[in-house]
Amino acid sequence: MTSTRRGVSALILALAAGLPVIPGAAGQEPAPKEFRIGYQKVGLIVVARRQGTIEKRLAAAGTRVRWVEFQAGPPLLEALNAGGIDFGYTGDTPPIFSQAAGGNLVYAGAVPPSGDSEAVVVKADSPIRTVGDLKGRTVAVARGTSSHNLLVAALEKAGLGFADIKPAYLLPADAGSAFANDSVDAWTIWDPYLALTQARNDTRILVTSGQTFEAPAFFLANRTFAETHPGIVAGALAGLSDAADWADGHRDQVAQALADVTGLPFAIQKVAADRTHFGVLPLSDAILSSQQTTADRFFRLGLIPRAVRVRDAVWTPPRS
């Protein structure tokens, strides 16, 4: 077990050791009949769905799990805010945009930083050799996603401002097409799209997240749901921790599961699985400080309408 895994909160460790979640205890409301989880076809959340680890944790409560798919984090958080889902997983940036818009969300847990699984890429024959060469160029990026943050941070590190490039706000499917037909000069994207475009041998990486900053992803919950059913949220985190323990030692099976749900070749998903850091982390001061830095960056650039205090949206787990 890694040191980051050992850092998981005492509550999640207790749950992972087999202590039951008891909805209705300590003044909690009765368990809901359904727990709706928003997911993208990436990483740990897919493993948990395939393994049924969350379902196993919530079985005693009589709560069934319904999975709702999204292409990216921003629409997932729109659904979370509207009460269409209760829980979900996104990169670092979507919750900042949601919080700035008054979203009804809380941070429930974190995922280790993405490392080399997110990058800014150009065509192999592009004259663009460094991030600094992006000045005046058009870069495809999904607005309000972790890739948006990577692009902004990478530009700053290279001495450029976000205003120095021309952003083309596109979700991955449309961005991939624009990149392929040279409608954009560069693309900032995450796995498995990154692994797929790398496999075509006509792309070149300018910079990865791991070369730029430490940016974790997050598990988030609808604030009202988390306050009403904290035991269910805690059980979901425990199920995710179970899945992370399994995934660390079974990366071939993880890659196959991802290939099955996405239709992408096993070899592509194996690349993505091998560079994924699996885990469920507590919301430490370091993680929250990093997220606050990101929030301050987006406000400074005028990309969110108001300043946000990340700690105002941190969920406090129930004590076992």
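Colleague: Is the crossing of α5 past α6 right-handed or left-handed?

Modeller: Right-handed, in this predicted model.

Colleague: Which residues make that contact?

Modeller: On the α5 side, Gly73, Pro74 and Leu77. On the α6 side, Pro94, Pro95 and Ser98.

Colleague: And how many of the contact residues are nonpolar, polar or charged?

Modeller: The contact of α5 with α6 has 4 nonpolar and 2 polar residues, and no charged ones.

Colleague: How would you describe the packing geometry?

Modeller: Two packed helices are described by the angle between their axes and the distance between those axes. Here helix α5 covers residues 73–82 and helix α6 covers residues 93–100. Their axes come within 9 Å and cross at roughly 45 degrees. So α5 is oblique to α6.

Colleague: Switching to strands. Are the faces of β3 covered or open?

Modeller: Both faces of β3, residues 87–90, are covered. Phe87 and Tyr89 are buried on one side. Gly88 and Thr90 are buried on the other.

Colleague: How does β3 run against β1, parallel or antiparallel?

Modeller: Parallel, with 2 bridges joining β3 to β1, residues 34–39. Phe87 in β3 is the bridge partner of Ile37.

Colleague: What about β10, parallel or antiparallel to β3?

Modeller: Antiparallel. There, 4 bridges join β3 to β10, residues 217–222.

Colleague: Which residue of β10 partners Tyr89?

Modeller: Phe219 is the bridge partner of Tyr89. Tyr89 is also one of the buried residues of β3.

Conventions:
Residues are numbered from 1 along each chain as its sequence is written. This is a predicted model: local features need pLDDT of at least 70, side-chain atom pairs count only at pLDDT 80 or more; totals for chains, interfaces and linings use all residues. Side-chain values use heavy atoms; hydrogens and water are left out. Buried means under 20% relative accessible area, exposed over 50%, partly exposed in between (1.4 Å probe, protein chains only). Two strands pair if DSSP finds at least two bridges between them. Axes are lines fitted to C-alpha atoms, for helices over the stretch in contact, and angles run from 0 to 180 degrees between N-to-C directions. Angles under 35 degrees count as roughly parallel, over 145 as roughly antiparallel, 65 to 115 as roughly perpendicular and the rest as oblique. A crossing is left-handed if the near helix is turned anticlockwise from the far one by less than a right angle, and right-handed if clockwise. Contact means heavy atoms within 4.5 Å. Ala, Val, Leu, Ile, Met, Phe, Trp, Tyr, Cys and Pro count as nonpolar, Asp, Glu, Lys and Arg as charged, and the others, Gly among them, as polar.
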